[in-house]
Each structure stands twice: as C-alpha cells, then as structure tokens.
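User: I'm new to reading protein models. Could you walk me through one, feature by feature?

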Amino acid sequence: MGFERPRTIPQQIAVTHSAVSFVLLIQAHALGGVDAYKCITPDVLDSQVERLVVTLYESTVLDMAMEVGPGIPRRCPCGAATVVLTSKTKDNPGRRFYRCGVVFGENHVFKWADDAVLEEIEALAVKQSVMENELIEIKEQLLDIKKILRRLFRWLRHFLPNFEISVSYV
Ligand SMILES: [Zn+2]
C-alpha cells in the first residue's frame, strides 16, 4: 500500500516549525474554527515564533515577578533563588536581608528579613483563618452526608431486611 503526499500542501522546512504550527493550529481552532487554519501558512511562521516567545516570556517570567508579594521572597522575579545575607552598613549593622541570589540591583529582590518575617506571619494568619472556615464548612457537609446515609440505610433495612450492612460511623 502506498501513501502519497499531496504536493499542493506546504511542507515544513524546520523541525521547530512543526511544533509552532501545531500550537498555532490549536490556537486557530480555538479562536476561529476551520477557516482560521487557512491563515497558518509557512510565511507567517517566523513572525509567529517571535510572538510565541514573547508570550511565553511574559506568562512565565513576568508572572513570577508579580508573585513576589508579601512575606519571605523565595524567588526573585528573574527566576533565581534568593539568599539571606547580613548587612554590614553603618545604618543597618547586623540586620539580615533577602536578596536575589544572582544579581544585586534594580528589578531584583531586596527585602529586610525582619519585614519579610512579619509579613509572612500576617499572611499565615490570614491563610489559617481561611482554612479554619473551610474546615467548618467541610464538617457541616460531612454531617449532611451522614444524615443522608442514615436515611438511605433505614430505607434499605426496611425494604431489604436480608440486606446485611454494617457501617459504624453513621
Ligand atoms: Zn534576580
């Protein structure tokens, strides 16, 4: 059995183009349906590769930058892990601080450790109260489920007296 490729369909010239075409076809399908496929031609691939790289960069590196919120900074917006060091300046002798493990400068993390720890404790207190509320909700839902199960077992014992069932928790 032979398989012949139609010559009218443009062929990929680089391996990476296949991957990019694949992503673009998924995107075209999601956004524009079958008609949008026609826009994915070999001549748009290079510019689309650049656009994809920028999109990927923005969605990873820039998102990480936004994640540096309150609390102990574990990572710098640049992606590097932070380090804890001790200040030797006249103004803050012996004061500990977090900073980017790679670059010391603008757009890289710097935070005094005492500030960071205070923020971390505050953030943990908020998280804890959220979890406590969730636990209360779960307990209430569990009680409801137990009620339903009790009713169901009563019904089963009534209509199926020979049906053996032993569930200790209801
Ligand atoms: Zn950094």
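User: Which five residues make up the largest nonpolar core here?

Analyst: A nonpolar core is a set of buried Ala, Val, Leu, Ile, Met, Phe, Trp, Tyr and Cys residues joined through C-beta atoms within 7 Å. Buried means that 20 or more other C-beta atoms lie within 10 Å of a residue's own; exposed means 12 or fewer, partly exposed is in between, and the C-beta atoms are placed from the backbone. Here the largest such core holds C76, Y98, C100, V109 and A116. Keep in mind that this is a predicted model, where local features need pLDDT of at least 70, side-chain atom pairs count only at pLDDT 80 or more, and totals for chains, interfaces and linings use all residues. Numbering starts from 1 along each chain as its sequence is written.

User: What does A116 touch, leaving out residues up to four places away in sequence?

Analyst: Contact means that two C-beta atoms, placed from the backbone, lie within 7 Å. By that rule A116 touches G71, I72, P73, Y98 and K111.

User: How many helices and strands are there in the chain?

Analyst: Helices (H or I, at least four residues) and strands (E, at least two) are DSSP runs, numbered from the N terminus. This chain has four helices and three strands, and along the sequence they follow the pattern α-α-α-β-β-β-α.

User: In what order do the strands sit in the sheet?

Analyst: Strands of a sheet pair through backbone hydrogen bonds, either parallel or antiparallel. Two strands count as paired if DSSP finds at least two bridges between them. In this model the three strands form an open sheet in the order β1-β2-β3, with antiparallel pairing. β1 (82-86) and β3 (110-112) are at the edges with a single partner strand each, so one side of each has no neighbour in the sheet. Neighbouring strands are turned by 25° against each other on average, direction ignored.

User: How many bridges join β1 and β2?

Analyst: Five bridges link β1 to β2 (residues 96-100). On that side, T86 stands opposite R96 and V83 opposite R99. Between β2 and β3 there are three bridges, again antiparallel, and R99 stands opposite F110 in β3.

User: Which strands does helix α4 touch?

Analyst: Helix α4 (residues 113-159) packs on the sheet and touches β1, β2 and β3. Its direction makes about 80° with that of β3. For such angles, axes are lines fitted to C-alpha atoms, for helices over the stretch in contact, and the angles run from 0 to 180 degrees between N-to-C directions.

User: How far does α4 reach, and how many of its residues are buried?

Analyst: The expected span of a helix is 1.5 Å times one less than its number of residues. α4, with 47 residues, reaches 67 Å from its first C-alpha to its last, close to the expected 69 Å. It's hardly covered, though: one of its 47 residues is buried. Across the chain, buried residues make up 6% of the 170.

User: What is the phi of N107?

Analyst: Most residues other than glycine have a negative phi. N107 has a positive one, near 70°. You'll find N107 in the loop between β2 and β3.

User: Why is N107 called exposed?

Analyst: N107 is exposed because it has 10 other C-beta atoms within 10 Å.
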